[in-house]
Amino acid sequence: MVCKKCEKKLSKLAAPDPFTASSSSNRKIGENKLLTRPGASSKSKPYDRKCKDCKQTVSQNSAKYCHGCAYKKGLCSMCGKQILDTT
């Protein structure tokens, strides 16, 4: 669960186009360009963060809570703001 404000922050891992003219000359077969590109260290480890409550790995890059804990408490998984009334 993500609030309206944090929907813009959702990460998208996209691979560069391997068939462009600039990258075709030095392209290696089977190479993962997201891992070899400089400055891509934070996006190459998307499951590095842990949930605040249960210490389970989170599925989004900047999430503070896993989906289960966020739904149980009615919180936004990225910023921790109350979204749903759980009383």
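Helices here are DSSP runs of H or I with at least four residues, and strands are DSSP runs of E with at least two, both numbered from the N terminus. By that definition, the secondary structure of this chain comes to two helices and zero strands.

Before I go on, a word on the basis of this talk. This is a predicted model, in which local features need pLDDT of at least 70 and side-chain atom pairs count only at pLDDT 80 or more, while totals for chains, interfaces and linings use all residues. Residues are numbered from 1 along each chain as its sequence is written, and side-chain values use heavy atoms, with hydrogens and water left out.

Let me begin with the chain as a whole. Of its 87 residues, 21% are buried; buried means under 20% relative accessible area, exposed means over 50%, and partly exposed lies in between, with a 1.4 Å probe and protein chains only. The accessible surface comes to about 6600 Å², and carbon and sulfur atoms account for 53% of that; such areas come from the Shrake-Rupley method with a 1.4 Å probe, and for residues only the protein chains shown count as cover. Contact means heavy atoms within 4.5 Å. Among contacts between residues at least 6 apart in sequence, 28% join residues at least 24 apart.

The largest nonpolar core has eight residues: C51, V58, A63, Y65, C66, C69, A70 and L75. A nonpolar core is a set of buried Ala, Val, Leu, Ile, Met, Phe, Trp, Tyr and Cys residues joined through side-chain atoms within 4.5 Å. One of the core residues, C66, touches C51, C54, Q56 and V58, leaving aside residues up to four places away in sequence.

Next, the loop between the helices. K55 lies between α1 (33-36) and α2 (67-73). Although K55 is not a glycine, its phi is positive, at about 60°. Is K55 buried or exposed? K55 is exposed, with a relative accessible area of 56%.

K50 is placed in the loop between α1 and α2 as well, and is partly exposed at 48% relative accessible area. Not counting residues up to four places away in sequence, K50 touches K55, Q56, T57, V58 and K64. K50 and A63 are 13 residues apart in sequence, and their C-alpha atoms are 8.5 Å apart in space.

Finally, I83 is located in the segment after α2. With a relative accessibility of 36%, I83 counts as partly exposed.
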